[in-house]
Amino acid sequence: MAPWPESWAGCDADMPFGQGLVAAFGPFIQKLCEAGLSKKTIRGHLNNLWVIGGEVVRQLDFDRKLRKQAPAMVLMGAIEHGEAPLAPNGLEHHQAALDATARKLARFLASRDPR
């Protein structure tokens, strides 16, 4: 996941935000590994997280206020209804898989939220 922030970045200012997203994804992936899921299933969730992260970073260009928020909070806002951000570039047929990962991630993040 280390190269993800660079792959998502449209400009240098996107890098720290992307790194924050990767930090938020790390414990989730660890939990999936501990759950005994197959490598194929984990790889699918990783692929979906890359798409979700890229879409969250892309939204920074449309809503500059998001840059002032913590990446984990922006991520939670993007998936709070159990749906991933819509993926462009012909990935619509993967939306159900993206949404499934978003639901798992949202439940995981909500369970860790100290509020």
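Before anything else, I note the cut-off I go by: a residue is buried when its relative accessible area is under 20%. I also keep in mind that this is a predicted model.

Entry one, threonine 101. I found threonine 101 in helix H5. Its relative accessible area is 0%, so threonine 101 counts as buried. Which side chains does the side chain of threonine 101 make polar contacts with? I get histidine 45 at 2.7 Å and asparagine 48 at 2.8 Å. Leaving out residues up to four places away in sequence, threonine 101 touches Phe28, His45, Asn48, Leu49 and Ile52.

Entry two, H2 against H5. I looked up the axes of helix H2 (residues 14–34) and helix H5 (residues 95–112): they come within 10 Å and cross at roughly 105°. Angles from 65 to 115 degrees count as roughly perpendicular, so H2 is roughly perpendicular to H5. On the H2 side I listed Ala24, Phe25, Pro27, Phe28, Lys31 and Leu32. H5 brings Thr101, Lys104, Leu105, Phe108, Leu109 and Arg112 to the contact. Sorting the residues of this H2–H5 contact, I have eight nonpolar, one polar and three charged.

Which residues of H4 are buried? I have Pro71, Val74, Leu75 and Ile79. They cover an arc of only 120° around the axis, so they sit on the same side of H4. I then checked what covers these buried residues of H4, and the cover includes H2, helix H3 (39–59) and H5.

How values were computed
Residues numbered from 1 in each chain as written. Predicted model: local features only at pLDDT ≥ 70, side-chain atom pairs only at ≥ 80, totals over all residues. Heavy atoms only, no water. Axes fitted to C-alpha atoms, helices over the stretch in contact; angles between N-to-C directions. Helix = DSSP H or I, 4+ residues; strand = E, 2+ residues; numbered from the N terminus. Parallel < 35°, antiparallel > 145°, perpendicular 65-115°, else oblique. Contact = heavy atoms within 4.5 Å. Nonpolar A, V, L, I, M, F, W, Y, C, P; charged D, E, K, R; others polar. Buried < 20%, exposed > 50% of the residue type's maximum accessible area, 1.4 Å probe, protein only. Arc of directions from axis to C-beta. Polar contact = N/O pair within 3.5 Å; in protein donor to acceptor, adjacent residues only side chain to side chain.
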